[in-house]
Amino acid sequence: MGTILEVKNLTKKYGGLTAVNDFSFEIKRGEFIGLIGPNGAGKTTVFNLISGFEKPNSGSIRFDGMNITGLRPYKIVNKGIARTFQLVRSFKFLTLLQNVSVACQSKRGREASKSAGIDAHASSILAAVGLVDKARIPPVVLPHGDLRKLQIGKALGTNPELLLLDEPFSGLTHEEQQTLTDLILKLHDDGLTIFMTGHVLRELMNLVPRVIAMHQGKFIVDGPPKEVANNKIVLEAYLGGGEAFA
Amino acid sequence: MEKNAKRIIAIVVVAAIIVGGGLTAYFLLLAPEAGQYVWSANDAPGAPAGISSSQIIKIGCAGDTGEIQGDANYEGAWFAAKTINQAGGVVVNGTTYYVGVTREDTDESNTQLVTSRGIAAAERLVYNKKVQFGVGGFRSEALLAYQEVFMDNKIIFIDTGAATDIFCDNVANFYERYQYFFRWMPINSTSLGGEILTTLAGYVMALNTTYPNHDVKQVGILAEDLTWTGSLIAAIQSYLSLFTNFWVQLLTPILYDISLDAADMNTHLQTLASQGCDFLIPVISAQGGILMMQQYDQYHYPFQIFGIDVQSQLDTFWGDSGDACAYETVMQTLHRTNKTTKSIAFWDAFRAQFGHDPLYIAIGAYDAVNGIIDAINATQSFDALDIIPEFESWTKSNPNPGVSGGGAWWPGTHDLVEGYPYGYTLWCQWRDDGTKVVVPAPRWAYVGALGYAIPISDLYPATLATGAYEVAPWVNTAWS
Amino acid sequence: MIEDIMNMLFNGILNGAVLALISLGYSLVYGVGGIMNMAHGAYFMLTGYLLLWGMRIFPGMLFLTVIFVIIIITIIGGLTYILLIKPLQDTHVGVVLITFGLAFLIEQWILIVSGTTSASINDYVLFPGTTEFLGYSMFNQYIFFIIASLVIVSLFALFISKSKLGKSIRAVSQDREAAVLMGINANRVLLYTVMISAFLAAIAASLYLPGAALTGPGMGWTYLTSSFAVIILGGMGSLVGSVVGGYIMGFVTSFTSIFLPNGPSWAHVVPLIVILIVLIIRPRGLFGKKKLR
């Protein structure tokens, strides 16, 4: 298992505020890994830096051995990194099938759908995320949980090797969380490398074998959930940690 | 681009703006003679090089640079200056002076008129260039606003292109303020309306004899919805109401918004055609003319066009309209004919200079500049209060003929006297080979004492005509 | 009466066909990039003047000239995006100002280059003469233009809904960042969009202006403001809205001209009143999905 993502000394400043401070970590191919930290710790900024929506002030990001630091977002997608947003983003006036097929038209998406054809491939992705029966309707009428699935479906349309999920569970009902968890686990079993954030530790702890914790833009600890949960700084960061473990 | 590079560029741009603005402010406001225009031999065509600013009679042209009307005003004034300067200028109290002309863009031909641009142009002429006389004006709405700058500063302004009656009414009603205003071109809207209608009536009478199977009767008006057309149309309507029981019948005038496009023009011409129009009187000073003639040429509408179309006064209109203006008859101040003894020589010299015919405004500006110099010469003074009485003395009994006509003004109003041999227009018709001829101008008019209309003397002598009036072949077919 | 009604219908459609083509591109660019391209009317006007010069310089090659001019305008559209809009696209005011400046530049340049400011380009009239229908005669070139406009609008609709680029355009217009996540190069899509809009304006000009004459380099503004009104009426960024809005404006204009007292003076005011009323009732415009940005 080689390294798929290597982040070194990543720093991002907004004026006087350092959102990400000298942050380094590695992800191996096929891993399923979580990024935790309280609100405002810099998790989303890390995702923005990896996916190209923001440029770091210093540091490097290597994906599959290639330097992707500062590349434009669509180019990073075409290298094989897909992401979802914390807030649901979709093309409101296209049908679900069209939503996913837009993604299938990307460079990697086209290669993946070469044998089946774009529409067929897009429906197979919808089937995989459990939305195939709603293929012909636009997302404006869907419940929140389905929109999350659609986001993942669209990300899958670009045929990624690494999937970044930003707070996938926020705002979902317990039942919706359950089906989404099943979906994510299945994707991981199929060999996809997944990197996800969450600010409620419990969700992640039950799911991932490895966790990276950050606080105020800084790396704190990297290891199995149990170990991370017992780290002093992590406990301090989550003032009244009881909430996080509840 | 990196953020720093952007910042540097931003700083450079801001610095450049500050430095540029500072320098501009310095030269406009603070430097000695700040913003003063320096008159030199360059402004006085035909004058010897090296003459000083104090030897130049400073005339400012107000018009829309880049549009035919404003350019014509400048051409006329410039050409007059050149002619006078080449002849040695004018001697006042022993010193030789030369005529200098300068212009500022009033933007008054713009369909989206902004009168403040005209005012700004007039202010540049008066305050920055320190002109002694102003000539110009075309769109009445604009001139109404910017003439005030000249009146405020008691500078004589000669109108060379705006026809609305109001200007000279102002002179009559508020003489103290508006005595500096004179109109040398064209005759006022009401008189234009009268000349159009009486001549049109003359043709209608004649054509009804030629075409016994058709009543040539319905007259339509297609006019710009502007100030200058208002009194003109009112004049036509009042004359026509007298003809109603006789022959001529007026259709509802169409006054269009001047930002019209081809579809609007199509709508209007179709409306006229469906109402059985026989004669269309255009009252158009701007781009409506080319739209009208292009569609007239394509549709072959069964009516004759006879009226005012300023664009069509230029010989270049034939080519510009794509050979589409055949059989259009338009009012024109001058053509190559002996209107006065100076007319043909001027016409040929102007064409040799500019390569095209003079527009009425060019002729007005030419006569205006010559008139100014005549008055300076006669009074040996540059003072407006000396020159105004001299202008006012050029009445019907003591005219000062120019190239356009007899040169007489009504004393109380400073308005051009209408009627042969003073202020009158020629009627010119396009032939289908692209030539233009002066056609005769037979007239009928309502005579109050008789209670009906009778033929009256022609608008101008038949000797001025260079061709006969023609009916378009498709109209001929429709009327036969 | 029947002639008046025919007159209203024909000129309403004619006016609508022009406005629809011009507004479609304008609206497309707004919808996709949130960009107000104030030079859009200048493309239309410039097409006319390039045709005029082409007609005078290469009188024997009218067809080639048209093709060539349409290509030039499309390229100018592309350059407008690359050189002026893209560097400023984060600031909407900046884009408005710079494209406004470009439009003035083109206008003034034509004033300087062109000896005369209004001219006919009727050498490009493909179908001279008139056809009579129900006693109403219609200029064949206008009939052709109306049909061509309908065909182009339909092809455009097909292109937007079916083609790959069309889907990308719709994706970017609905959520630019999400579209980028789908591997779409949003800047390139925007470049194509501006080029398509310039292309549509050039097509409209080269088919309509031969029957309509060039009334001066300022005429671009008239069409820009009309199409601006149209897309506000139809809903900012809505393509259906700009076509429907164009025809509504056209019909209201011709109806006013023919049936209302002093109509010709009011022909360009009444449509604005109609728009005001529509906006009071429905602030997003007829087919508007988005709020004004």
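Two residues are in contact if their C-beta atoms, placed from the backbone, lie within 7 Å. By that rule, 22 residues of chain A meet 15 residues of chain C. This is a predicted model, in which local features need pLDDT of at least 70 and side-chain atom pairs count only at pLDDT 80 or more, while totals for chains, interfaces and linings use all residues. Residues are numbered from 1 along each chain as its sequence is written, and chains are lettered from A and ligands numbered from 1 in the order in which they are written.

Start with the side of chain A that touches chain C. Helices (H or I, at least four residues) and strands (E, at least two) are DSSP runs, numbered from the N terminus. On this side, α2 (73-79), β6, α3 (96-104), α4 (107-112) and α6 (144-157) of chain A each supply at least two residues. The largest share comes from α2(A), with four residues. By class, this side has nine nonpolar, eight polar and five charged residues. Here Ala, Val, Leu, Ile, Met, Phe, Trp, Tyr, Cys and Pro count as nonpolar, Asp, Glu, Lys and Arg as charged, and the others, Gly among them, as polar.

Now turn to chain B. Its contact with chain C takes 33 residues from chain B and 34 residues from chain C. On the chain B side, α9 (262-274) gives the most, nine residues. That side holds nine nonpolar, 18 polar and six charged residues.

Back in chain A, look at the sheet. Six strands form an open sheet in the order β6-β7-β8-β3-β9-β10 (chain A), with mixed pairing. Two strands pair if DSSP finds at least two bridges between them. β6 (81-84) and β10 (218-223) of chain A are at the edges with a single partner strand each, so one side of each has no neighbour in the sheet. From one strand to the next, the twist averages 20 degrees. β6(A) and β7 (residues 162-165) of chain A run parallel, joined by four bridges. Within this pair, Arg83(A) has Leu164(A) as its bridge partner.

Chain A also splits into domain 1 (3-80 + 161-245) and domain 2 (90-159), with bounds from an automatic or database domain assignment. Their C-alpha centres lie 24 Å apart. Each domain of chain A gives twelve residues to the contact between them. On the domain 1 side, α2 and α7 (174-189) of chain A are the elements that give two or more residues. The largest share, four residues, is from α7(A).

Conventions. Axes fitted to C-alpha atoms, helices over the stretch in contact; angles between N-to-C directions.
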